[in-house]
Amino acid sequence: MPVTEKRRNRDLPQINERIRFPQIRAIDTDGSQLGILTPQEAMRIAEEKDLDLVLVSDKADPPVCRIMDYGKYKFEQEKKAREAKKKQHTAEVKEVKMRYKIEEHDYNVRLNQAQRFLKVGDKVKATITFRGREIQHTDLAEELLKRMAADLEEVAEVQQAPKKEGRSMMMLLSPKK
């Protein structure tokens, strides 16, 4: 039982009575230094202002504590984390499939799709599939993929050159930074 209690205490933030150091460097709400105090003295100052004493850095010598409203501080940290997560874009791999005997208009449609995916920040996997005896024309398929890479060179860079995988040939394009 005491082991789980110790572990639970370790997960809790070091504020107020949980700060167990002989001396700490205290920082006031406006950022001014109060000097090196005992945690009890700093707690008394924090209580007078109806605020908390929060351990900021335990690696420093002496450890640094700040007088602040812990609830508000925690809320601000969570808000920043949510904003950062919202702005994050994970690059997905979108696939553009075609055959090596593709007509010009169909090719342009695939090209526009790939361009749209790249502008959003996703990677594009261009795949050409072969059926039956078409497998003999890998040179034409490679030519088509290289043409696509050339047509997209202002928005994309080739991450993986055209390579044959079984009954298909694929190439990976990533957006230019």
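I began with Asn16, whose side chain makes a polar contact with the side chain of Asp52 at 3.1 Å, and I note at once that I am working with a predicted model. When I looked up where Asn16 sits, I found it in the loop between α1 (2-11) and β1 (24-27).

I then turned to the nonpolar cores, and the largest of them has 23 residues, with Ile128, Met148, Leu152 and Leu173 making the most contacts inside it. I wrote down the elements that give two or more residues to this core, which are β5 (93-98), α4 (104-120), β6 (123-129), α5 (138-151) and β8 (168-175). I also found a second, separate core of 12 residues, and Ala26, Ala42, Cys65 and Ile67 are among its members.

Met169 was my last entry, and I located it in strand β8. I recorded Met169 as buried, since its relative accessible area is 4%. Beyond four places in sequence, its contacts include Ala126, Thr127, Ile128, Phe130 and Pro162. How far apart in space are Met169 and Tyr100? From C-alpha to C-alpha I noted 9.8 Å, although these two are 69 residues apart in sequence.

Note on methods
Residues are numbered from 1 along each chain as its sequence is written. This is a predicted model: local features need pLDDT of at least 70, side-chain atom pairs count only at pLDDT 80 or more; totals for chains, interfaces and linings use all residues. Side-chain values use heavy atoms; hydrogens and water are left out. A nonpolar core is a set of buried Ala, Val, Leu, Ile, Met, Phe, Trp, Tyr and Cys residues joined through side-chain atoms within 4.5 Å. Buried means under 20% relative accessible area, exposed over 50%, partly exposed in between (1.4 Å probe, protein chains only). Helices (H or I, at least four residues) and strands (E, at least two) are DSSP runs, numbered from the N terminus. A polar contact is a pair of N or O atoms within 3.5 Å; within protein, one must be able to donate a hydrogen and the other to accept it, and residues adjacent in sequence count only if both atoms are side-chain atoms. Contact means heavy atoms within 4.5 Å.
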